[in-house]
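Q: Please take a close look at one packed pair in this model. Then connect it to what else can be said about the fold.

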Amino acid sequence: MKDLLQKLGISIPILQGGMGNISHAELTAAVSNAGGLGTLGVGTLPIEEVRSRVKKTKSLTSCPFALNIPLSVHPDPKGCLKIAVEEGVRAVVCSAGNPAPYVEKLHANGITVLAVVGSLYHAQKAEQAGVDAVIVEGVEAAGINATDELTTLVLAQQVLEHVHIPVVVAGGIGTGRALAAMLALGASGVQIGTRLIVTKDAKVSSSYKEAVCAADQRSTTIIGRSVGQVRRVLQGEYVGKLLDREKENMTMEYWKALTDERYHIEGAMNGNTKEGFQNGGQISALIRDEPTVNELFTQWMEEAERCLSSAQKSFIE
Ligand SMILES: Cc1cc2nc3c(=O)[nH]c(=O)nc-3n(C[C@H](O)[C@H](O)[C@H](O)COP(=O)(O)O)c2cc1C
């Protein structure tokens, strides 16, 4: 665990997940300032906007942070990687694509490379490509997930068994207990998304935060399965319309147009669920308060420590 933390220059094993076009400097900097790895997602943002958000993050923290690049989603992934190099970003998290063509150049520039994967197959491919760590993400997670739809616990165990680089676990992590459980499993840390949406540092619509806090076990759903793109979102009017549209035959191209980042911004930033969607993970059902990121991480670290030591005690006795 310590190796990855050292490599990333962070003091606690909590990473922020990329958040597409709603990623913003304030939340990223808050995560990094609290000792974790803040991550700025590039989504489909214009290249000059990516640079400006990186610069803004740098103005809010002197701690390391990462850039999350969904390789097959952003129109110019190479341009984003160039910005990471030029701006001295500490780590790059590759998702939705093959990191292999980029690893060598990023390493040559002193950048740590992580890859988000949803299957053992892709974890092994990423390991072969030379990435420093994999982030395994189960279908509990908010946003776009792997079509294999493996649960976090099953995926994490499979990958920890067969992969020899550090593993970070994502999808459904919402407490210090879960952090402790993943560390006990052998993970080097956790990556979180939904929990961070309901923090004072997240500049998203208040109705998005309220929807997460009001969620129960049935409040999230998967959209896109019929076209081969699995995305977990909070239920809502636009989401209902999308599910109806899925009953018709649809091309992936058309689907992508209907779930474009514009609709994400409309739902998440403007709170308009009639004309937009909000990513939300299954852990929403457990989230009921809105701490600062710093308060949240302090609480999680204390809870994780308590859990690990009481588990060890009860094991020995
Ligand atoms: C609003 C939002 C947007 C997201 N966008 C991305 C993204 O652009 N790239 C990515 O790799 N993951 C994205 N994710 C997934 C997160 O990075 C993270 O892995 C996931 O939320 C972890 O699961 P959890 O929501 O159960 O904590 C997004 C999640 C949220 C909540």
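A: Helix H8 (residues 176-185) and helix H14 (residues 293-316) have axes that come within 7 Å and cross at roughly 50°. Axes here are lines fitted to C-alpha atoms, for helices over the stretch in contact, and angles run from 0 to 180 degrees between N-to-C directions. Helices (H or I, at least four residues) and strands (E, at least two) are DSSP runs, numbered from the N terminus. The classes are: under 35 degrees roughly parallel, over 145 roughly antiparallel, 65 to 115 roughly perpendicular, and the rest oblique.

The model is predicted, with local features needing pLDDT of at least 70 and side-chain atom pairs counting only at pLDDT 80 or more, while totals for chains, interfaces and linings use all residues. Numbering starts from 1 along each chain as its sequence is written.

H8 passes H14 in a right-handed crossing. Handedness is read this way: left-handed if the near helix is turned anticlockwise from the far one by less than a right angle, right-handed if clockwise. From H8, the contact takes in Gly 176, Arg 177, Leu 179, Ala 180, Leu 183 and Ala 184. From H14 come Gln 299, Trp 300, Met 301, Glu 302, Glu 303, Ala 304, Cys 307, Leu 308 and Ala 311. Contact requires C-beta atoms, placed from the backbone, to lie within 7 Å. By class, this contact has 10 nonpolar, 2 polar and 3 charged residues. Ala, Val, Leu, Ile, Met, Phe, Trp, Tyr, Cys and Pro count as nonpolar, Asp, Glu, Lys and Arg as charged, and the others, Gly among them, as polar.

Two further pairs share helix H3 (residues 47-60). Take helix H4 (residues 77-86) first. The axes of H3 and H4 come within 10 Å and cross at roughly 25°. That angle makes H3 roughly parallel to H4. The crossing is right-handed. H3 contributes Ile 47, Val 50, Arg 51 and Val 54, and H4 contributes Gly 79, Cys 80 and Ile 83. The contact divides into 5 nonpolar, 1 polar and 1 charged.

Now the other partner. The axes of helix H2 (residues 25-33) and H3 come within 9 Å and cross at roughly 40°. H2 is therefore oblique to H3. This crossing, too, is right-handed. Ala 25, Glu 26, Thr 28 and Ala 29 of H2 face Arg 53, Lys 56, Thr 57 and Leu 60 of H3 in the contact. The class count is 3 nonpolar, 2 polar and 3 charged.

Next, the sheets. Eight strands make an open sheet in the order S1-S9-S8-S6-S5-S4-S3-S2, with parallel pairing. Pairing requires at least two DSSP bridges between two strands. The twist averages 25° from one strand to the next. Inside this sheet, 5 bridges join S3 to strand S4 (residues 91-95), running parallel. The bridge partner of Asn 68 is Val 93, in S4.

A further open sheet has 3 strands in the order S7-S11-S10, and its pairing is antiparallel. Strand S7 (143-145) and strand S10 (220-223) are its edges, each pairing on one side only. Neighbouring strands are turned by 30° against each other on average, direction ignored. S10 pairs with strand S11 (residues 230-234) over 4 bridges, in the antiparallel sense. Thr 220 stands opposite Leu 234 in S11.

Finally, the ligand. Its shell holds 30 residues, the closest being Gly 17, Ala 141, Gly 143, Gly 193 and Gly 281. The cut-off is a C-beta atom, placed from the backbone, within 6 Å of the molecule. Strand S3 (65-70), strand S9 (189-192) and helix H9 (194-197) each supply at least two shell residues. H9 gives the largest share, 3 residues. The shell divides into 12 nonpolar, 15 polar and 3 charged.

Notes
Two residues are in contact if their C-beta atoms, placed from the backbone, lie within 7 Å.
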